[in-house]
Amino acid sequence: MIMSTLFWKTVKASPVLLFACLFVASGASAAESNPHQMAEGLSIATIDLDAEPTASSSPRFQLADSTFPEPVPGAGTPSVESNQEILQQIQRYGNQGSTSLDQVTSVGQLRDVSPGDWAYEALRSLVERYGCIAGYPDGTYRGNRALTRYEFAAGLNACLQQIERLLVNGDGPNGPDLTTLRRLIQEFEAELATLGARVDNLEGRVAFLEDNQFSTTTKLKGEVIFALADTFGDSTEDFGSDDETNLIFADRVRLNLETSFTGRDRLRTRLQARNISSFSGDLTGTNMTRLGFDGDNGNDVEIDELWYRFPLGEKISVQIDATGVEYQDTVIDPINPYFASSGSGAISRFGRFNPIYRAETGGPGITATFNVSDALSLSAGYVVDGGGSDPADENGLFDGNYAALGQVAFTPTENISLAATYLHSYYNGGEVNVTGSTGSSFASAPFGNNDTATSVDAYGIQANALFGKFSVGGWVGYQDAEAESGANEGADADIWNWAVNLALLDIGGEGNKLGFIFGMPPKTTGNDIATREDDNTSYHLEAFYRYQLTDNIAITPGAFVIFNPEHDDDNDTQFVGTLRTVFSF
């Protein structure tokens with residue numbers, strides 16, 4: 001009765017014994033071992049293989065060192081993922097005998113085992129007495145193959161489970177085998193109790209973390225910008241001739257909560273706080289000096305973006321924005337991959353992408369892209385300004401300012417992209433900004449008075465090609481504006497802009513980028529109101545170097561120059577310099 005009770009304790013402790021093997025072997029993979037020796041560090045029991053076997057003798061069992069190694073100091077607390085992985089490994093290796101190997105009922109089924117082998121009797125005994133030896137599907141045992149600790153644990157567990165079944169049927173072990181089991185229980189009593197507590201603690205921690213984690217489907221991504229910036233050179237003649245700016249240190253913080261419900265969709269909620277003043281207005285007299293990442297809300301936290309992106313079938317992607325929509329952040333590609341990002345791309349507002357994409361944004365909208373083939377895609381979008389949520393007159397989704405876009409993109413190879421874009425926008429006169437604050441004041445408001453309703457038909461061609469570590473791209477944009485109300489109703493204006501850019505990738509290290517941009521900010525080349533036509537031409541020249549300090553920190557020193565600001569050669573050249581440091585996580 002005592003021996004039976006002790007053996008049942010062993011059977012009940014079999015999962016703990018198995019976990020002990022896995023715990024000792026954690027981190028080891030496919031360790032090589034001597035065919036005549038069990039893997040080093042196993043502390044359950046070993047067969048004395050050094051004794052010369054005979055045809056009539058069976059291997060002798062010998063207790064091994066009962067020391068269980070402690071976790072490596074400084075290794076840190078296991079993560080939920082690692083804990084779950086260990087538990088999954090226990091289950092997987094515990095079931096290995098029935099899933100990947102075939103149980104044999106006679107040692108003769110193993111075609112690479114012969115009666116002359118020194119371990120033949122040991123194998124025959126385990127097969128015939130306990131039925132807990134499994135062979136490979138090809139009928140081999142592979143006795144000389146190196147044994148991993150996981151495999152040993154799996155084999156041990158399989159035998160213990162088979163012995164348990166035999167006990168239920170009254171055919172359990174007796175005599176010397178039962179004595180050995182009793183000695184195992186006595187030898188490892190303290191260690192088994194300790195391991196049992198560790199398993200309970202581990203399961204408790206995993207359950208706690210699973211119950212208290214924020215969400216299984218939401219990820220937090222963040223970007224923080226620290227910026228040193230200043231302008232040099234006199235402001236335009238309309239705002240005096242002195243340099244009105246001082247060196248500033250400012251920041252922008254964005255926290256994106258991205259949630260997926262199906263694994264293929266994404267819901268983004270962006271929180272933003274920033275205090276980076278724009279170099280424009282009374283400071284420089286032109287929008288051409290604006291930074292690509294500026295904006296100031298006094299570092300108050302606000303919801304800057306809220307959208308949901310999802311697929312329709314295998315070829316269509318749709319994005320619905322509730323607020324903060326900008327075409328370059330939707331499923332529509334502006335075809336300027338190395339300069340479009342405000343955190344890692346161009347340092348100027350104009351240099352990021354074709355200004356026609358900036359037409360009337362900031363409110364709700366919907367965009368979609370249909371991938372006709374790997375090389376051809378069609379995109380469409382409809383967005384409104386912040387008044388899209390206001391039901392008052394000349395607001396709402398269809399009675400206020402809006403911009404409707406259509407685009408055809410052609411990608412003959414993965415390194416070459418071309419796109420032709422058409423955009424129709426309407427401004428009801430509350431505030432007209434045709435170029436998204438990137439060009440001259442005549443280009444932004446071609447008819448002068450913000451009370452003048454204005455419609456715009458815009459056309460753009462964008463291209464980019466990558467040759468190894470060398471990228472070249474650019475765009476041309478044309479806008480045909482028409483006054484829809486007021487004294488100048490029916491007047492037309494032509495607005496052009498263009499740019500070329502060059503990016504050298506991984507210069508000085510992986511992730512680094514050296515970029516150059518040269519172009520003409522939006523210019524009114526013709527206007528029925530002759531006094532609002534740009535007579536001269538401004539040129540934009542920019543250079544920056546993005547240095548990837550670590551995986552999460554990048555530093556970008558850069559500068560750009562505006563020749564003939566406001567397309568007026570009477571204005572002095574203006575310089576803008578910045579040191580942009582980005583922390584991402």
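This is a predicted model: local features need pLDDT of at least 70, side-chain atom pairs count only at pLDDT 80 or more; totals for chains, interfaces and linings use all residues.

Residues are numbered from 1 along each chain as its sequence is written, and side-chain values use heavy atoms, with hydrogens and water left out.

**The big picture**

- The protein chain has nine helices and 21 strands; helices (H or I, at least four residues) and strands (E, at least two) are DSSP runs, numbered from the N terminus.
- Of its 585 residues, 45% count as buried, where buried means under 20% relative accessible area, exposed means over 50%, and partly exposed is in between (1.4 Å probe, protein chains only).
- Among contacts with a separation of 6 or more, 64% come from residues 24 or more positions apart; a contact means heavy atoms within 4.5 Å.

**Nonpolar cores**

- In soluble globular proteins, nonpolar side chains tend to be buried together.
- A nonpolar core here is a set of buried Ala, Val, Leu, Ile, Met, Phe, Trp, Tyr and Cys residues joined through side-chain atoms within 4.5 Å.
- The largest core has 25 residues, and Tyr-327, Tyr-357, Leu-423 and Phe-447 have the most contacts inside it.
- Strand 13, strand 14 (416-427), strand 15 (454-467), strand 16 (470-483) and strand 17 (492-505) each supply at least two residues of this core.
- What does Tyr-357 touch, not counting residues up to four places away in sequence? Its partners are Tyr-327, Ile-332, Asp-333, Pro-334, Leu-405, Gln-407, Thr-421 and Gln-462.
- A second, separate core of 21 residues includes Ile-225, Ala-227, Ile-276 and Ile-562.

**Aromatic pairs**

- Rings of Phe, Tyr and Trp (its six-membered ring) pair if their centres lie within 6.5 Å; planes under 30 degrees apart count as stacked, over 60 as edge-to-face and the rest as tilted.
- By this rule the count comes to 15 aromatic pairs.
- Tyr-478 and Trp-496 make a tilted pair, because their ring centres are 4.7 Å apart and their planes sit at 40°.
- Tyr-478 lies in strand 16 and Trp-496 in strand 17, so this pair ties together parts that are 18 residues apart in sequence.
- Phe-518 and Tyr-539 are stacked, at 5.7 Å centre to centre with 10° between the planes.
- Phe-518 belongs to strand 18 (residues 513-527) and Tyr-539 to strand 19 (residues 539-548), so parts 21 residues apart in sequence are tied together.
- Phe-518 is partly exposed at 33% relative accessibility, and Tyr-539 is partly exposed at 31%.
- Ring pairs also link Tyr-382, Phe-398, Tyr-402 and Tyr-426 into a cluster.

**Salt bridges**

- Side chains of opposite charge can pair when their charged atoms come close.
- A search of the whole structure finds 10 salt bridges, each one a side-chain nitrogen of Lys or Arg within 4 Å of a carboxyl oxygen of Asp or Glu.
- Glu-305 pairs with Arg-268, with the closest N and O atoms 3.6 Å apart.
- Are Glu-305 and Arg-268 buried or exposed? Both are buried.
- Asp-294 and Arg-290 meet in another salt bridge (2.8 Å, N to O), and both are buried.
- Lys-469 forms a salt bridge with Asp-506, the closest N and O atoms being 2.5 Å apart.
- Salt bridges that share partners join Lys-221, Glu-258, Arg-266, Arg-268, Arg-270, Asp-304 and Glu-305 into one network.

- Phe-226, Leu-228, Leu-247, Phe-249 and Leu-579 make a nonpolar surface patch of about 470 Å².
- Patches are made of residues with over 30% relative accessible area and no salt bridge: like charges are joined within 9 Å, nonpolar side chains (Val, Leu, Ile, Met, Phe, Trp, Tyr) within 5 Å.
- Leu-228 lies in strand 5 (residues 218-232) and counts as partly exposed at 36% relative accessibility.

Notes: Accessible areas come from the Shrake-Rupley method with a 1.4 Å probe; for residues, only the protein chains shown count as cover.
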